[in-house]
Structures are given as C-alpha cells and as structure tokens.
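My notes follow in the order I took them.

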Amino acid sequence: AGMVRIVAQVDRLNAVLKEGGSDCPERIALWDLETNQARLHSLQSATLNRIAHAAAAMVVLVVEDEALTLMSAIACLTSAGFAVLEASNADEAIEMLETNPKIGAIFTDVQMRGSMNGVALAQEVHRRWPAIKVVVTSGSASFSIKDLTPGDHFVRKPYSADEIASALRDN
C-alpha cells in the first residue's frame, strides 16, 4: 500500500510539474516536500517492520569494522528474519551487550581495529554472557578454528546468507 501511495504522489507531482514547468520555486518546494514525505513513510515502514521482527526474532549483534562488509552482513541477516544491531569494534559490542539484554547472538569478524579482536570478544562474551550464541567469521588463511571456544560456529569469508543463518539457528 505504501508503494502505491508513493507512485500516486510521484504521478501527481509529475502532472503538476508539466502544467507549470519545473523551474517554478513553489513546484520545486512541493517536489522536495513530497519526496521527503515518501522517504519518511518508507523509513517508518522499515522501522515498524524491524520492531515487529525484533519482538519475535533472535536479536543478532554484528561486529565488523569494514563498512561495506557490515552492511552486507546486516542485509543477509535481516533478509533471513533476524533483528540486527551493529557495532564497529569489540568495545562498542561490549557496551551494547551490557545495555541490551535481548541480544541472543553475536556475529563477529576476527580481524578488527580496537582493543581486542573477534576471538577475544568471543571469549569475553562466553565469560560474561554464556547463553549468547557466537558465530565468528574470517577470510584469513592463518585463522584456525582451534582458536574458538567449543560450541562457537565459524563461517569463512566470503559467506552466504544461508551459511550465516544456519550457523545462528544451529544448536
């Protein structure tokens, strides 16, 4: 329904702009207003959808310092039905874990900037929040699964959404 309304608004605006020309300040202001209104509606829908999923879905904290990889992981997990929070390093992750008891799992890269790497973060999570599931990822050939705590899951980069989802859902 939201997309239908946005399309109708764009069609109406296009008709208005054709009648009076696109250089009229009022028409440009109207265009900006309608565009911002459509963006707001889209953001509201996405937020409500995330809230609804957060109530029913496992909340996963993604810890990744590379922005594009972080966005990719969030997209993978969201499309798999998880509610997702993000942190760019282990220190941020610890702060989020301390303040958000709904986090049920972390998905962390091994190599990242900050005071500790993903393996040290996983160990800290096990020590302080033993019920939280840990999934670790790395593309490094030098990383060994032996570095993980028994029960942790490992997904090698590059990974697929199915691999991450399966590791998070696995008991």
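I looked up Thr108 and found its bridge partner in E4 to be Val136. Strand E3 (residues 103-109) pairs with E4 in the parallel sense over five bridges. For me, two strands pair if DSSP finds at least two bridges between them. Helices (H or I, at least four residues) and strands (E, at least two) are DSSP runs, numbered from the N terminus.

A note on the source: this is a predicted model, where local features need pLDDT of at least 70, side-chain atom pairs count only at pLDDT 80 or more, and totals for chains, interfaces and linings use all residues. Residues are numbered from 1 along each chain as its sequence is written, and side-chain values use heavy atoms, with hydrogens and water left out.

**Sheet**

I traced five strands in an open sheet, ordered E2-E1-E3-E4-E5, with parallel pairing. Strand E2 (83-87) and strand E5 (153-156) are the edges, each pairing on one side only. From one strand to the next the twist averages 25°.

**Helices on the sheet**

I then checked the packing. H3 lies across E1, E2 and E3 and runs at about 165° to E2. Helix H5 (residues 118-128) packs on the sheet too, touching E1, E3 and E4, and its direction makes about 160° with that of E3. Contact here means heavy atoms within 4.5 Å. Axes are lines fitted to C-alpha atoms, for helices over the stretch in contact, and angles run from 0 to 180 degrees between N-to-C directions.

**Thr137**

Thr137 is in strand E4 (residues 133-138). Is Thr137 buried or exposed? I get a relative accessible area of 1%, so Thr137 is buried. My classes are buried under 20% relative accessible area, exposed over 50%, and partly exposed in between (1.4 Å probe, protein chains only). A polar atom of the Thr137 side chain lies 2.7 Å from the backbone oxygen of Val155. Leaving aside neighbours within four places in sequence, Thr137 has contacts including Phe107, Asp109, Phe154 and Lys157.

**Asp65**

Asp65 sits in the loop between strand E1 (59-63) and helix H3 (67-79). Asp65 counts as buried because its relative accessibility is 14%. The Asp65 side chain reaches the backbone nitrogen of Arg113 at 2.8 Å. Beyond four places in sequence, I list Ser88, Gln111, Met112 and Arg113 as contacts of Asp65.

**Salt bridges**

How many salt bridges does a search of the whole structure find? I find seven. The criterion is a side-chain nitrogen of Lys or Arg within 4 Å of a carboxyl oxygen of Asp or Glu.

Glu66 bridges to Arg113, with the closest N and O atoms 3.8 Å apart. This pair links distant parts of the chain, 47 residues apart: Glu66 in the loop between E1 and H3, Arg113 in the loop between E3 and H5. Glu66 is partly exposed at 40%, and Arg113 is exposed at 53%.

Asp109 bridges to Lys157, closest N and O atoms 3.1 Å apart. Asp109 lies in strand E3 and Lys157 in the loop between E5 and helix H6 (161-169), so the pair ties together parts 48 residues apart in sequence. Asp109 is buried at 6%, whereas Lys157 is partly exposed at 23%.

Glu124 and Arg127 meet at 2.7 Å, N to O. Both lie in helix H5, three residues apart, about one turn of the helix. Salt bridges that share partners join Glu98, Glu124, Arg127 and Arg128 into one network.

Definitions and conventions. Polar contact = N/O pair within 3.5 Å; in protein donor to acceptor, adjacent residues only side chain to side chain.
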